[in-house]
Amino acid sequence: MSALEQASTTYDVARIREDFPILGRQVRGRPLVYLDNAATTQKPRQVIDRLVRYYTEENSNVHRGVHYLSELATMEYENARGVVQRFIHASSEKEIVFTRGTTEAINLVMQTWGRTNVGAGDEILISAIEHHSNIVPWQMLAQEKGATVRVIPVNDSGELLVEEYERMLNPRVKLVAIGHASNALGTINPVRRIVAAAHANGSLVLVDGAQGAPHLPIDVQDLGCDFYAFSGHKVYGPTGIGVLWGRESLLEEMPPWQGGGDMILSVSYEQTTYNALPYKFEAGTPNIEGVVGLAAALDYVSSHGLANIAEYEHGLQTYATKRLLEIDGIRLIGTAREKAAVVSFVLEGVHPHDIGTILDQEGVAIRTGHHCAQPLMLRFNVPATGRASFGLYNTREEADALVDALHKVIEVFR
Amino acid sequence: MSDLRELYQQVILDHNKNPRNFHELPDATSRVDGYNPLCGDHYTVYLKVDGQTIEEVSFTGNGCAISKASASVMSSTVKGKSKDEAEELFDTFHKLVTGEAGGPSAADLGRLAAFSGVSEFPARVKCATLAWHTLRSALEGKQDKVSTE
């Protein structure tokens, strides 16, 4: 028995599905087949119940009151920071900054570290398969500072050309900003190798982990990167909450971001003293429900084991890829050897948007469009793709439903 | 399948596969780009207007079947019409695809009636109206890119 088959015998997907109430509903009169997990994931009852419990029993502001509920909410909020720290194997809770999501985390780094450390003539390297959220902030910074954003090319499979990247490194490169996994193609980037070369060059590395955290075991110390950002809602938690992890020494040196309550030690009209890490970067009342919900989500994911989830999803992706390739006229966009839970495709003669509408009538939810990665679509010379993205609760039967629905598309169009 | 057949009527599939007036217009008096950022539909509409009359209409670009067929049917419908007539047609078409109460009857619409199924698919209204919005912008003499967002 192969390792994969072994994993699938211990991985009880039917039981996992029972944790997700929404998976039981119908859409358009058919059972929901939710294959848009790279956009957002559904939430298990453990997360939903946690949010309800927070508002039913614990709601109060954090870091402020001496009363019971404020102490309780503060304790839950800070415990959650510990859950995140353990989830990504950070060395200290002080390195965990709560944000609205990956986008805000990247913008935080751009506006604080970037504005302090990037100047005229400097370079920021990004890859050709980045989400807009890891492109636009760097363009804004480059424009402001007279710096340049340069793009690391990919091959036709959607894999980063690492040797080309290593040649692009030079003393002007201050930062390499790279996705852990591509939302549009699924490509898993060789982060360790990228970091090693960057550090040898004196450049820092920010990893956009929005598509990494849901699918791969994350160990920021092992990856060796300097910043890691991810979103709660893509890892079965609530929307509006995310995490920036940064090396303590870097975060210490960075100026504060937003000013307000909670990020200060003392305020007078003459002088304000900023709070210690991580509070320096968390101005205002935070998204407390989001934080406790995120912790519940990470606990949920951890209870199944990221390695088990990755292995299960890999099997699912391999199966879905094989089934899709049985369809005449299907072309896969993104065929990297190292891929996470995404199958992006085009169907000859049918625009992805039409595919999306017809699949929807069959209860199958996929994303169609440019996946917030327009330069990438240009690279592969397609206006858009259809993208099926899998989560820990998806099944082979759902991959079959996708294939059946695609046959309906062909029926309408041929 | 019935709603789908209603959306993807034969006229639409035909115009998608063999779009009419699908080329540049070298002697155009105006050209405007239209873009639907949600799905990446992207067209350029070319017009040759003489006084009040639309003498020639053509388009180039790419997008879904609904948007391409709509651009194709639009181009053959408004050719030879006056600017005001084209505006009225857009108005009628818009009521049809949004399912506005008291909308036009199929008899008034000719080939445009093929788009009646769009009203059951609110997410696709922007696809169906992209070329028309672009046409309107060209008729108004605007040069800016039209976006349906």
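1. A crossing of two helices is called left-handed if the near helix is turned anticlockwise from the far one by less than a right angle, and right-handed if it is turned clockwise. Keep that in mind for helices H4(B) and H5(B), whose crossing is left-handed. Please also remember, as you read on, that this is a predicted model.

2. Let's stay with that pair of helices. H4 of chain B covers residues 83-98, and its axis lies 11 Å from that of H5(B), with an angle of about 165 degrees between them. Angles over 145 degrees count as roughly antiparallel, so H4(B) is roughly antiparallel to H5(B).

3. Which residues of H4(B) and H5(B) meet? On the H4(B) side you can look for Lys83(B), Ala86(B), Phe90(B), Phe93(B), His94(B), Val97(B) and Thr98(B). Their counterparts in H5(B) are Val125(B), Ala128(B), Thr129(B), Trp132(B), Leu135(B), Arg136(B) and Leu139(B). Sorted by class, this contact has nine nonpolar, three polar and two charged residues.

4. Now to the sheet of chain B. Its four strands form an open sheet in the order S3-S2-S1-S4, and the pairing is mixed. Strands S3 (53-62) and S4 (146-147) of chain B each have a single partner strand, so they stand at the edges, and one side of each is left without a neighbour in the sheet.

5. S2 of chain B, residues 41-50, pairs with S3(B) in the antiparallel sense, and nine bridges join them.

6. H5 of chain B (residues 125-139) lies across S1, S2, S3 and S4 of chain B, at about 150 degrees to S1(B).

7. The axes of H2 of chain B (residues 10-17) and H3(B) come within 8 Å and cross at roughly 85 degrees. That angle makes H2(B) roughly perpendicular to H3(B). Ile12(B), Leu13(B), His15(B) and Asn16(B) are the H2(B) residues in this contact, and they meet Ala65(B), Ile66(B), Lys68(B), Ala69(B), Ser72(B) and Val73(B) of H3(B). The residues of this contact divide into six nonpolar, three polar and one charged.

8. How many residues of chain B are in contact with chain A? There are 14, and they touch 13 residues of chain A. The chain B side of this contact has nine nonpolar, three polar and two charged residues.

9. Chain A has some backbone details to check. The peptide bond from Leu277(A) to Pro278(A) is cis, with omega near -5 degrees. Pro278(A) sits in the loop between strand S12 (272-274) and helix H11 (288-304) of chain A.

10. Please look at two loop residues of chain A too. Tyr236(A) is not a glycine, yet has a positive phi of about 75 degrees; its loop runs between strands S9 (227-231) and S10 (242-246) of chain A. Is Tyr236(A) buried or exposed? Tyr236(A) counts as buried because it has 27 C-beta neighbours inside 10 Å, and the cut-off for buried is 20 or more. His371(A), also not a glycine, has a positive phi of about 60 degrees. His371(A) lies in the loop between strand S16 (367-369) and helix H14 (374-379) of chain A, and its 23 C-beta neighbours inside 10 Å make His371(A) buried.

Technical notes
Residues numbered from 1 in each chain as written. Chains lettered and ligands numbered in written order. Predicted model: local features only at pLDDT ≥ 70, side-chain atom pairs only at ≥ 80, totals over all residues. Pairing = 2+ DSSP bridges. Contact = placed C-beta atoms within 7 Å. Axes fitted to C-alpha atoms, helices over the stretch in contact; angles between N-to-C directions. Parallel < 35°, antiparallel > 145°, perpendicular 65-115°, else oblique. Nonpolar A, V, L, I, M, F, W, Y, C, P; charged D, E, K, R; others polar. Buried ≥ 20, exposed ≤ 12 C-beta atoms within 10 Å, placed from the backbone.
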